[in-house]
Amino acid sequence: MRAKYIFSSRKTKRATKSPKLRKQKEKYPSLVEKIIEDSDIILEVLDARFVRETRNIELEKKIKRKKKKIIYVLNKSDLTKKTSSKIPQSINVSCKTKKNIKKLRDKIKIVSKKIKPSNDKITIGVIGYPNTGKSSLINLLVGKSKAGVGADAGFTKGIQKIRLTNEIILLDTPGVIPNEEYSNIEKEKIAQHTIVGGRSYSQVKDPEMVIAKLIKDYPDVLEEHYKTEAKADAEKILNELGKKWNFLKKKGLIDSDKTARKILKDWQAGVIRI
Ligand SMILES: Nc1nc2c(ncn2[C@@H]2O[C@H](COP(=O)(O)OP(=O)(O)O)[C@@H](O)[C@H]2O)c(=O)[nH]1
Ligand SMILES: [Mg+2]
């Protein structure tokens, strides 16, 4: 399949509405493969909180096989206390605090110069798991809002070409969940995608199940953040917080779906620190 490139000429607005549930269509992985083919350098944008979960080893192998340079970017470093990087030579950045953005821009220019010393055109593909901040990063690198940014996973759909310098073109791409991790039916995997941010809190079918996994993977985090007494018990936490926030259904029953989504919204927005 041929990838369609859209050349960005105008500012893109922030998402206002949350998009409907979008499956990771077959076309996205093949689109990303085309980008790898067309790029001289790949920027893999990872979430600094979930480095292992957001890495795409399968694509990395393909990139290495094609002898292309990968620059690992650990974004959202403002959301984690842990500073030690798990990947050698990766760069920790934050689009929120702008930490190391200049350093990354310089690194891109240095690596580009090495690959194409005679000022030839160079293409850099920006790839990664959905919602890791690829579009935000591109906007900061170029200093303009050219790439569309949205809090919901799946916001960037086509491929967008954005000029960094006269020679360097960045390609913004839709995020992909690694094939071996992806599922649209397995509950455990869907919960995992939601915890890591690849599936939006507004789109997930069973938010209570995600809360149960969240508590299992990150015990005490919710209790500490919301100051509840419910010890690692999803049902108790949902009941307590639903009551506190007055999320009630008819007959005074707790609306645990709404409560779970509110927690996941806070989690995905990075309000809850881990
Ligand atoms: N806290 C924090 N949020 C970020 C950072 N970078 C991006 N975001 C947010 O993460 C969400 C996804 O960003 P976006 O650039 O659309 O990600 P993409 O799907 O990888 O292109 C948006 O709500 C951004 O505001 C960061 O460094 N720190
Ligand atoms: Mg995007």
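The structure is a predicted model, in which local features need a pLDDT of at least 70 and side-chain atom pairs count only at pLDDT 80 or more, while totals for chains, interfaces and linings use all residues. Residues are numbered from 1 along each chain as its sequence is written, and chains are lettered from A and ligands numbered from 1 in the order in which they are written.

**Confidence**
- The protein chain has an average pLDDT of 87, and 88% of the residues score at least 70, where pLDDT is the predictor's confidence in each residue, from 0 to 100.
- Residues 1–22 have a pLDDT below 50, and this stretch has 36 contacts in the model beyond near neighbours in sequence, a contact being two residues whose C-beta atoms, placed from the backbone, lie within 7 Å.

**Overall fold**
- The protein chain contains ten helices and seven strands, which are DSSP runs numbered from the N terminus (helices are H or I, at least four residues; strands are E, at least two).
- Of the 274 residues of the protein chain, 40% count as buried, meaning that 20 or more other C-beta atoms, placed from the backbone, lie within 10 Å of the residue's own.
- Among contacts in the protein chain with a separation of 6 or more, 62% are between residues 24 or more positions apart.

**Strands**
- Strands β2 (residues 41–47) and β3 (residues 69–75) run parallel and are joined by seven bridges, and two strands pair if DSSP finds at least two bridges between them.
- Strand β3 also runs parallel to β4 (residues 91–92), to which two bridges join it.
- Val 73 in β3 stands opposite Val 45, and Val 73 also stands opposite Ile 91 in β4.

**Around ligand 1**
- Of the 22 residues around ligand 1, those that come nearest are Cys 95, Gly 133, Lys 134, Ser 135 and Ser 136, a residue being near if its C-beta atom, placed from the backbone, lies within 6 Å.
- Helix α5 (residues 134–142) gives the most to this shell, with three residues.

**Helix α9**
- In helix α9 (residues 234–244), the buried residues are Ala 234, Ile 237, Leu 238, Leu 241 and Gly 242.
- These residues lie on the same side of α9 because they cover an arc of only 120° around the axis, the arc being that of the directions from the helix axis to the C-beta atoms.
- The buried residues of α9 pack against α7 (207–217), α8 (221–226) and α10 (256–269).
- After α9 comes Asn 246, whose phi is positive, near 60°.

Notes. Buried ≥ 20, exposed ≤ 12 C-beta atoms within 10 Å, placed from the backbone.
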